4 protein chains.
Amino acid sequence: MPRQRPFLSDNAATIHPRLWEAMRAADSPDSPYDGDRLSAALDERFSELFGRECAAIWIATGTAANCLALATMVQPHGGVVCHEEAHIEVDEGGAPGFYLHGAKLMLASGEGAKLTPADIAAVIDPIRPDVHQVQPHAIAITQASEYGRAYRPHELAALGAFAKERGLGLHMDGARFANAVAFLGGSAADAAGPCDTLAFGCIKNGGMSAEALVLFDPAQAELVKYRRKRAGHLQCKGRYQAAQVLAMLEGDLWLENARAANAAAAEIAGACGERLMHPVEANELFVRLTPGERESLRAQGFEFYDWGADAARFVTAWNTPQDDALALAQAVANL
Amino acid sequence: MPRQRPFLSDNAATIHPRLWEAMRAADSPDSPYDGDRLSAALDERFSELFGRECAAIWIATGTAANCLALATMVQPHGGVVCHEEAHIEVDEGGAPGFYLHGAKLMLASGEGAKLTPADIAAVIDPIRPDVHQVQPHAIAITQASEYGRAYRPHELAALGAFAKERGLGLHMDGARFANAVAFLGGSAADAAGPCDTLAFGCIKNGGMSAEALVLFDPAQAELVKYRRKRAGHLQCKGRYQAAQVLAMLEGDLWLENARAANAAAAEIAGACGERLMHPVEANELFVRLTPGERESLRAQGFEFYDWGADAARFVTAWNTPQDDALALAQAVANL
Amino acid sequence: MPRQRPFLSDNAATIHPRLWEAMRAADSPDSPYDGDRLSAALDERFSELFGRECAAIWIATGTAANCLALATMVQPHGGVVCHEEAHIEVDEGGAPGFYLHGAKLMLASGEGAKLTPADIAAVIDPIRPDVHQVQPHAIAITQASEYGRAYRPHELAALGAFAKERGLGLHMDGARFANAVAFLGGSAADAAGPCDTLAFGCIKNGGMSAEALVLFDPAQAELVKYRRKRAGHLQCKGRYQAAQVLAMLEGDLWLENARAANAAAAEIAGACGERLMHPVEANELFVRLTPGERESLRAQGFEFYDWGADAARFVTAWNTPQDDALALAQAVANL
Amino acid sequence: MPRQRPFLSDNAATIHPRLWEAMRAADSPDSPYDGDRLSAALDERFSELFGRECAAIWIATGTAANCLALATMVQPHGGVVCHEEAHIEVDEGGAPGFYLHGAKLMLASGEGAKLTPADIAAVIDPIRPDVHQVQPHAIAITQASEYGRAYRPHELAALGAFAKERGLGLHMDGARFANAVAFLGGSAADAAGPCDTLAFGCIKNGGMSAEALVLFDPAQAELVKYRRKRAGHLQCKGRYQAAQVLAMLEGDLWLENARAANAAAAEIAGACGERLMHPVEANELFVRLTPGERESLRAQGFEFYDWGADAARFVTAWNTPQDDALALAQAVANL
């Protein structure tokens with residue numbers, strides 16, 4: 001039997017050694033909850049990263065990060081415009097409905113699971129401004145998108161201007177934000193654009209159990225901290241959470257890991273040619289493959305999810321062996 | 001300056017080495033969320049521990065565990081009877097209101113933060129059975145209680161009978177369940193009594209970020225799993241959560257740790273005599289101390305919380321050095 | 001200026017004289033809330049009407065009736081399949097999100113705003129049965145539909161069988177249930193089919209401020225009554241609410257009114273020919289009309305809503321003067 | 001058998017004839033919901049009454065009015081300080097938990113079911129300003145109180161100053177506001193004091209199904225209107241609701257009715273002497289009566305509720321016959 005080569009998802013990859021070290025280094029007494037020195041360092045560290053004052057807290061999952069962020073902008077009687085294939089709509093078990101107390105997700109279409117102002121306008125312009133219809137309060141986008149597509153700075157600027165004009169908040173789900181930054185090549189600030197809140201992903205990028213929620217309006221931190229506690233997400237021993245996030249930022253480990261994942265994806269993409277359903281801009285590949293082709297790849301040990309009847313999704317991770325990527329590239333080329 | 005000797009709380013203590021080992025041992029690829037082999041082992045492991053079939057899931061905090069448990073028994077229009085000093089009422093930031101969609105906490109008085117059927121009846125008997133008044137749906141108790149008192153098996157049996165008679169669910173907040181079991185000397189099942197759900201605490205007992213929620217009606221597991229996801233508590237890399245819980249059970253580490261904490265508390269209690277506000281049955285001491293006495297203890301390096309104007313709370317942990325316990329006992333005796 | 005002839009909606013029509021009489025007749029002391037003799041008569045009266053035991057309560061709006069009904073079948077973490085143009089999705093201000101504590105509406109397409117089992121299956125079959133995706137708990141249909149289409153008994157039977165097979169509740173929004181019954185010509189039971197709950201509309205049919213919520217499983221009445229109170233919908237002087245509903249049933253006034261409205265609609269429909277977008281089965285007409293044609297009709301005093309760019313909606317009511325209906329028919333014919 | 005003389009409550013009294021007239025006068029076509037001329041007149045009419053600009057909407061119950069008002073001031077993670085015997089705590093079926101999405105009621109004690117700044121401070125000063133404890137966002141008081149006691153203008157001024165100092169909203173439940181104004185003898189503005197929102201009661205004062213919610217910050221009207229719709233409280237035929245409220249204000253009918261009820265209560269109070277548990281300032285009497293005395297009164301046809309083991313509550317209404325009041329006064333005097 002061939003060795004298994006996992007391309008199922010980056011969400012179950014092992015933990016980067018420097019995070020283990022950081023957690024072990026945190027294993028001495030300190031204040032509970034987020035009163036420790038590590039948790040206290042997050043605001044400054046993320047303010048440096050983004051070049052503007054922000055507040056940042058650790059949180060165990062991207063789902064919770066997205067929802068707590070949206071709670072700063074969306075009233076229970078309002079709505080959030082997102083892509084119809086957005087994670088918050090499709091894969092978070094209704095968490096936005098819970099955290100936002102029944103607010104509505106308003107589904108837009110857009111190429112590559114990205115949204116433009118026009119895509120959003122197509123959804124909200126027909127809404128009558130009366131009490132019978134739920135009004136939008138915010139926009140949520142994903143960087144990189146659910147199809148691994150990165151928003152360019154000018155696209156983000158356009159979305160920010162649109163959001164401002166319409167009085168809407170702008171949230172960015174950054175479960176794979178690092179991969180987008182690695183692809184775009186600019187700064188973290190460039191890839192975040194004018195968003196109000198950012199769920200800064202670490203877990204898919206070599207982390208264990210901590211994401212960061214970044215609030216570009218630090219005045220929102222108080223509300224978010226009360227809501228985090230209320231959601232049972234304020235862990236007693238927060239220093240182990242903060243340690244993960246800080247280690248990820250230290251020496252730009254987050255970018256290093258993302259570059260590795262992206263490189264592996266690019267390696268494979270090179271062999272896929274016309275099979276690619278979407279340009280590969282991060283660490284996900286959506287590849288047209290017949291059932292027989294998929295069977296053949298699986299017989300060679302490659303693990304991946306089907307994507308509908310005639311395609312497959314491959315995801316690389318920070319620790320995807322170059323050998324695995326090359327092998328997959330070769331195997332696809334050989335089909 | 002004297003060395004600091006921490007008795008603030010067990011909630012910030014360091015992690016037991018065997019949990020670190022277990023987490024590291026889990027650091028190889030496996031399925032995400034709770035699809036891994038470790039998470040899958042929890043049901044059986046807890047069924048063995050309690051001698052009856054149950055379902056068990058990991059969850060990051062006791063707050064979330066308590067709330068998810070209560071969600072199996074309490075409708076949004078119902079209520080939960082708990083002690084007026086219960087953690088869910090006083091220290092969980094309104095989490096029950098969030099998770100139970102506005103259900104009401106109904107506050108009872110009871111000696112030592114414990115409740116008897118009579119205490120509960122005093123609260124619910126005056127409630128008119130009409131729609132104008134919120135009706136109770138469940139009872140929540142804490143083992144050991146917020147004052148470190150343990151429910152005896154016959155007390156639990158009485159509560160179970162009362163709950164059954166009144167058609168109420170019975171939940172046990174077991175943040176310090178291990179300490180209660182260690183004190184009572186019987187089995188885990190004895191200390192859980194006929195409760196329907198148990199938040200089995202690990203974090204205050206040497207864990208890092210995982211508690212276990214035990215459902216004695218396994219049929220409730222499905223609902224709880226949907227609600228856990230919806231609350232953003234289904235972590236991607238659940239195997240590191242499960243590893244902590246399993247390591248805690250392995251070789252009865254949970255009891256070993258609790259016995260150590262209890263022993264340290266008993267050591268100190270012996271020196272407190274009439275100063276004790278409550279019998280010491282777990283790892284918490286509530287000690288009458290004047291402001292001057294507290295100042296004197298702090299000057300000697302002891303860290304603890306004031307408990308009102310004329311008392312202090314001391315909490316021991318799994319790793320409280322015997323030397324610290326002896327020193328505190330001596331210092332109190334010397335006052 | 002021509003006399004105004006209103007075809008905007010049936011929802012603002014005046015009150016039928018027999019309802020005024022009934023309310024005045026109720027104007028003597030009785031017990032508050034729903035403890036009065038009139039409220040107490042609803043269960044029996046509706047059980048007679050539907051030929052099976054049911055419970056019935058008054059409620060001020062169809063929005064609240066729909067939501068309270070759905071609350072008997074849908075958990076906060078679940079979903080409700082409804083037509084994408086259903087009133088609960090489009091025109092109830094997010095009320096289902098509020099009453100169902102964040103449950104999700106799952107939008108299906110279907111001809112004439114009606115749904116078939118296949119339409120529903122198209123939405124729910126792709127849902128993975130895992131915690132990451134919201135699972136359906138109920139189906140909501142509208143009789144007559146938002147386009148004035150009536151479900152036939154065999155269609156309802158098929159939906160009921162499908163709902164049962166999938167373990168889903170089945171709710172019927174009957175804001176214009178009377179019009180459907182009048183059209184179908186059968187019994188109320190035929191038009192309700194095997195639905196579990198029915199929001200039995202009165203207000204659009206000559207009522208003032210009371211609908212009836214009918215529960216075909218009377219055991220659900222307790223939950224609904226607690227939820228009605230909790231929603232601030234339990235009026236002190238319920239006898240004036242019950243009086244309206246009972247007067248509507250008395251001597252089949254509800255059918256008499258609906259027949260009058262349907263007859264007026266049929267009169268107009270006869271003149272519309274190919275202009276009709278949907279067969280006219282109740283009291284609503286959706287008519288293709290150019291902007292110029294609409295302008296011409298408005299200049300003649302006809303009031304109605306535009307329906308997109310090239311059509312208009314006309315609604316008749318229990319008290320639409322025959323003269324108005326004939327005039328509109330003539331005017332359309334003259335275009 | 002003696003004629004029944006009802007003193008159970010004012011909440012089931014018949015409707016004042018002028019409200020019937022007003023509703024009948026509204027029985028001609030107008031715009032639906034609150035788009036009609038009568039609904040549109042409420043803002044101006046209440047602005048005149050209170051001598052400052054305010055917004056006002058009709059709403060079917062005091063429960064909904066209270067909750068919608070509180071929703072303008074209280075976040076889901078916050079709390080509302082109210083008297084432990086306040087209607088929102090005791091008799092509204094948990095509606096605040098529903099409308100405020102799980103916010104907490106914080107119960108204060110106070111003489112006569114009234115609250116002073118000191119009463120409130122006793123509840124909120126011990127709350128630690130950290131995320132583990134729910135923070136107060138608003139205060140809710142009742143004018144007249146649940147024991148029929150009226151807040152004097154200087155008491156309201158003190159509460160307003162306290163609320164402002166603490167950053168809390170101030171809501172007034174005015175189910176019997178008219179009775180308080182009638183007792184105090186000043187203006188409506190005097191009796192409302194500096195409260196931010198007022199549930200202006202009509203139903204207990206001769207109304208049928210409409211209260212008014214008055215917002216002294218008109219900017220809050222938009223939020224309240226969205227929430228009213230979302231709660232299923234936006235009735236189609238709002239003109240019949242508005243007509244009731246306007247008729248109540250017309251010619252100060254609200255005061256006339258309240259004076260009649262108060263006068264009847266005062267008549268009875270004169271005979272009660274030392275039996276009175278509370279001074280009678282509105283239309284409720286709490287009277288010490290032994291079981292035997294209560295039996296005797298009931299045998300004479302008087303209807304009323306027991307108030308604990310040794311007292312009874314009598315409530316007069318706008319239409320309590322003078323003869324009934326005199327008879328009750330005589331009967332009590334004869335005991």
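Which residue of chain C comes closest to the rotation axis, taken at its C-alpha? The answer is C:Gly102, whose C-alpha lies 1.9 Å from that axis, and the views below, all drawn from a predicted model, begin with this place.

**View 1. The axis that relates chain C to chain A.** Two copies of a chain are related by a rotation about an axis and a shift along it. Here chain C is superposed on chain A by a rotation of 180 degrees, with 0.0 Å of shift along the axis and an RMSD of 0.0 Å. This is the relation of a two-fold axis. Among the residues of chain C, C:Gly102 is the one that comes closest to the axis.

**View 2. The contact between chain C and chain A.** Chain C contributes 15 residues to this contact, and chain A likewise contributes 15 residues. Because 100% of the interface residues of chain C are also interface residues in chain A, the copies meet through the same surface. The two chains bury about 1100 Å² between them, and carbon and sulfur atoms account for 37% of that area. Four salt bridges are counted between chain C and chain A, one of which joins C:Lys104 to A:Glu89, with the closest N and O atoms 3.1 Å apart. Across this interface there are also ten residue pairs in polar contact, counted where both residues have pLDDT 80 or more.

**View 3. The axis that relates chain A to chain B.** A rotation of 180 degrees, again described with 0.0 Å of shift along its axis, superposes chain A on chain B with an RMSD of 0.0 Å. In chain A, the C-alpha nearest this axis belongs to A:Ala231, which stands 3.5 Å from it. The copies meet through the same surface, because 100% of the interface residues of chain A are also interface residues in chain B.

**View 4. The contact between chain A and chain B.** In this contact, 45 residues come from chain A and 45 residues from chain B. The area buried between the two chains is about 3700 Å², and carbon and sulfur atoms give 60% of it. On the side of chain A, the residues that lose the most area to chain B are A:Trp20, A:Phe98 and A:Lys237, which together make up 21% of what that side buries. The count of salt bridges between chain A and chain B is zero, while 25 residue pairs are found in polar contact across the interface, both residues of each pair being at pLDDT 80 or more. Several helices of chain A each supply at least two residues of the side that touches chain B, namely α1 (17–25), α4 (62–70), α6 (95–99), α11 (221–230) and α12 (238–249). The largest share of that side, four residues, comes from α6(A).

**View 5. The sheet of chain A.** Strands of a sheet pair through backbone hydrogen bonds, either parallel or antiparallel. Chain A holds an open sheet of seven strands with mixed pairing, in the order β2-β8-β7-β6-β5-β3-β4. Its edge strands are β2 (55–59) and β4 (104–108) of chain A, each of which pairs on one side only, and the twist from one strand to the next averages 25 degrees. Within the sheet, strand β7 (residues 197–200) and strand β8 (residues 211–215) of chain A pair in the antiparallel sense over four bridges, and A:Phe200 stands opposite A:Ala212 in β8(A).

View 6. Strand β7 (residues 197–200) and strand β8 (residues 211–215) of chain C run antiparallel and are joined by four bridges, with C:Leu213 in β8(C) as the bridge partner of C:Ala199.

Key
Residues numbered from 1 in each chain as written. Chains lettered and ligands numbered in written order. Predicted model: local features only at pLDDT ≥ 70, side-chain atom pairs only at ≥ 80, totals over all residues. Heavy atoms only, no water. Least-squares fit on C-alpha atoms with pLDDT ≥ 70 in both. Contact = heavy atoms within 4.5 Å. Pairing = 2+ DSSP bridges. Axes fitted to C-alpha atoms, helices over the stretch in contact; angles between N-to-C directions. Buried area = accessible area lost by both parts, 1.4 Å probe. Salt bridge = Lys/Arg side-chain N within 4 Å of Asp/Glu carboxyl O. Polar contact = N/O pair within 3.5 Å; in protein donor to acceptor, adjacent residues only side chain to side chain.
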